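Here are my notes on the model you asked me to look over.

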Amino acid sequence: MKLIDDTGWADQPAKVQPSLVGEIDCDVVVIGGGGGGMSAALRLAEKGVDVVLLEAKTLGWGATSRNAGYITNSVAADPEMLGFLMKRERLRELYRYAEHSVHFAEEAIARHGIECDYRQEGIVMAAVSKGQLRHARRNAKVMAEAGSNAEFVEGPDAGLPQGFLGGIREGVGGTVNPGKFALGLRAATIAAGVRVYEATPARDVVDSGGRVSVVTPNGRVRARKALLTTNAASNGLSIAPKHLATPVWTSLVETEPVAPERLDEIGWTSRAPLVTLHMILESYRVTPRGTIAFGTRRIQAGRNPLPDRTPAPNVVDDLVRGFHERFPGLSDVKPVQAWGGWIGMSSTWLPVAGEASDNVLYSEACNGHGFAQAQYVGQLLADQVTGVPMHEDLAAIWHGSKRFWPSFVSNPALYLGWLADRAADRLAAIGK
Ligand SMILES: Cc1cc2nc3c(=O)[nH]c(=O)nc-3n(C[C@H](O)[C@H](O)[C@H](O)COP(=O)(O)OP(=O)(O)OC[C@H]3O[C@@H](n4cnc5c(N)ncnc54)[C@H](O)[C@@H]3O)c2cc1C
C-alpha cells in the first residue's frame with residue numbers, strides 16, 4: 001500500500017503561483033488558503049476590496065483537499081452532550097449555522113462550476129451496536145429539537161451494510177471529491193483577481209493599531225485588516241489566541257475498486273456515506289471511482305510547526321482491521337493508498353471565530369467537520385471585516401473573549417478514547 005504525504009484525491013496544481021518577494025500594501029490580507037481563506041478572499045474580491053491571500057504551500061494544500069469529502073451539517077460535538085450542556089435556543093442557532101454552511105458550499109460548487117463529483121445524498125450517522133443504536137435514537141431527538149430534519153432509521157429497509165443496525169439519516173449535504181473541489185475553488189480565486197502568493201508562509205503578524213504587518217520569508221504585507229484562516233497551524237503564529245487550535249493528525253485509506261454487485265450483496269443498497277457513533281468516529285464511503293474510502297479511529301495530536309507527513313503504519317493497520325471487521329463480506333478487498341491531514345481542534349470542540357486583536361480576525365471552524373463550515377465562516381468574516389453588521393450565523397460561533405481553556409486533547413487522551421471504543425466493540429461482539 002502507498003503511504004502518501006499529499007492528498008490522494010487529485011494531483012497538485014500544475015503551476016504554482018509566485019511567492020512574495022518585497023513589500024506590498026493592500027486593504028485586507030488573508031493568511032491561509034484553505035476553503036476558509038479562499039472563500040474569504042473571493043468574497044472580498046467580489047466586493048472590490050484589494051485583497052492579498054498568502055498560502056504557505058499551494059491553495060487547498062491543507063485539510064481542504066485531503067478530507068473524507070462529507071459536506072455535512074454535523075457539528076463536532078455529540079448532540080446529546082450538547083443538548084445537556086446548552087440552552088435549546090443556543091443549540092438551534094448552532095444547527096442553523098451548520099445547515100447554512102452546507103447550502104453555502106453547495107452554492108459555491110454551482111456558482112463557480114466546480115467539477116468535484118458532488119452527490120447530494122446526505123449522510124448516515126450509523127450504529128454498529130445496540131448501545132450505539134440507543135444513542136442514535138437519543139441524538140435524533142436532540143437534533144429534531146434543534147431544528148434538524150434528520151430521521152432515525154433502523155432495520156434492513158435502511159439499506160445499510162450488514163452489521164450496521166440503523167442510525168440517523170441526515171438528508172442535507174452529501175459527498176465530494178475534495179481534491180477536485182480544492183483545485184476548482186483555487187482556479188475561481190485566482191480568476192476573481194485575488195492577489196495570491198503561494199509558497200509564502202506568514203512568519204509573524206503584528207497589529208500596531210493603525211495597520212497590520214505580516215512578515216514572510218522574503219517580504220512583508222501591510223494591510224488595514226487581516227484574517228487568520230490557518231486552521232491547525234493557527235497557534236504557530238503568536239498573534240493567535242493561546243489554545244485556539246490543537247493540531248490533530250487524521251488518516252484516510254482508500255481501497256481498490258469494488259464491484260457494485262458486491263455492495264448490494266452486503267446490503268449497502270443505499271450507498272449512504274457512513275460515520276459511526278464511536279467516541280472517535282469511523283467513516284466509510286463509496287467514492288465516484290468505485291473505491292471505498294475510510295478513516296479516523298486513531299488520531300494523533302501534534303505541535304507547531306506542523307511537519308509534512310504520511311499516516312503512521314500502525315494507524316493504517318488499525319483502520320484496515322476495522323474496515324475488514326465492519327465489512328466481513330469485503331475481507332478480500334485490498335487497501336491501495338493512505339494519506340492524512342491536520343485538523344484543528346478548538347478547546348470547546350465547537351467551531352469558533354473571533355478577534356485576535358483589533359484588526360485581526362480568526363476562524364477555527366474545523367474540528368474535523370469543517371469542510372463546508374470553514375468556507376461559510378470565511379465569507380462571513382469577509383463581510384464582517386468590510387463593516388457589514390454581524391451575521392446571526394457568525395454571532396452563533398463568535399468567541400467574545402481572547403482566552404480559551406487549554407484543550408484536553410493530548411496523545412494519552414486520544415489513545416484512551418481509541419481504547420474505550422475498542423472495548424465497546426468487544427462488549428458489543430460478546431452481546432451479539
Ligand atoms: C483526513 C481528514 C478528513 C476530514 N473529513 C472531513 C469531512 O469528511 N467533512 C468535513 O466537513 N470535514 C472534514 N475534515 C475537516 C475539514 O477538511 C476542515 O475542517 C476544513 O477543510 C478546514 O478548512 P480550512 O480552510 O479552515 O483549513 P485548511 O484547509 O487546513 O487550510 C489552512 C491553510 O492554511 C495554510 N497555512 C497554515 N499556516 C500558514 C501560515 N503561517 N502562512 C500561510 N499559510 C498558512 C495551510 O497550508 C493550509 O493550506 C477532515 C479533515 C481531515 C484532515
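1. Ground rules. This is a predicted model, in which local features need pLDDT of at least 70 and side-chain atom pairs count only at pLDDT 80 or more, while totals for chains, interfaces and linings use all residues. Residues are numbered from 1 along each chain as its sequence is written, and side-chain values use heavy atoms, with hydrogens and water left out.

2. Who sits around the ligand? The shell holds 35 residues, and Glu-55, Thr-64, Tyr-70, Ala-202 and Asn-231 come nearest. To be near, a residue needs one of its heavy atoms within 4 Å of the molecule. By class, the shell has 14 nonpolar, 19 polar and two charged residues. In that count, Ala, Val, Leu, Ile, Met, Phe, Trp, Tyr, Cys and Pro are nonpolar, Asp, Glu, Lys and Arg are charged, and the others, Gly among them, are polar.

3. Where the shell comes from. At least two shell residues each are supplied by α1 (35-46), α2 (63-66), β18 (335-345) and α9 (371-385). Of the elements, α2 gives the most, with three residues. Helices (H or I, at least four residues) and strands (E, at least two) are DSSP runs, numbered from the N terminus.

4. Glu-55 has a polar side-chain atom 2.6 Å from a ligand oxygen. The backbone also takes part: a polar backbone atom of Ala-56 is 3.0 Å from a ligand nitrogen, and a backbone N or O atom of Ala-202 lies 2.9 Å from a nitrogen atom of the ligand. The protein covers 93% of the 1,000 Å² of accessible area that the ligand has on its own (Shrake-Rupley method, 1.4 Å probe; for residues, only the protein chains shown count as cover). A polar contact here is a pair of N or O atoms within 3.5 Å; within protein, one must be able to donate a hydrogen and the other to accept it, and residues adjacent in sequence count only if both atoms are side-chain atoms.

5. Strand β5. Five of the five residues of β5 (residues 123-127) are buried. Buried means under 20% relative accessible area, exposed over 50%, and partly exposed in between (1.4 Å probe, protein chains only). Ile-123, Met-125 and Ala-127 point one way and Val-124 and Ala-126 the other, and all are buried. In a regular strand the side chains alternate between the two faces of the sheet.

6. What does β5 pair with? Strand β7 (residues 166-170) runs antiparallel to β5 and is joined to it by five bridges, with Ala-126 opposite Gly-167. Strand β14 (residues 274-276) pairs with β5 in the parallel sense over three bridges, and there Ala-126 stands opposite Thr-276. Two strands pair if DSSP finds at least two bridges between them.

7. Strand β20. Why call β20 (residues 360-364) largely enclosed by the rest of the structure? Because five of its five residues are buried. One side carries Val-360, Tyr-362 and Glu-364 and the other Leu-361 and Ser-363, all of them buried. So Glu-364 is worth a look, as one of the buried residues on β20. Strand β12 (residues 219-228) pairs with β20 in the parallel sense over three bridges, with Leu-227 opposite Leu-361. A hairpin of two residues joins β19 to β20.

8. Ser-74. This residue lies in the loop between β4 (70-71) and α3. At 10% relative accessibility, Ser-74 counts as buried. Its side chain makes a polar contact of 2.8 Å with the side chain of Thr-72. Leaving aside neighbours within four places in sequence, Ser-74 is in contact (heavy atoms within 4.5 Å) with Ile-123, Met-125, His-369 and Gln-373. Ile-123 and Met-125 are the β5 residues from point 5.

9. Met-86. Look for Met-86 in the loop between α3 (79-85) and α4 (88-111). Met-86 is buried, with a relative accessible area of 16%. Not counting residues up to four places away in sequence, Met-86 touches Leu-91, Leu-94 and Leu-350.

10. Pro-288. Is Pro-288 buried or partly exposed? With a relative accessible area of 37%, Pro-288 is partly exposed. Pro-288 is found in the loop between β15 (282-286) and β16 (292-296). Beyond four places in sequence, Pro-288 is in contact with Asp-117 and Arg-119. Pro-288 and Val-176 are 112 residues apart in sequence, yet 8.7 Å apart in space, C-alpha to C-alpha.
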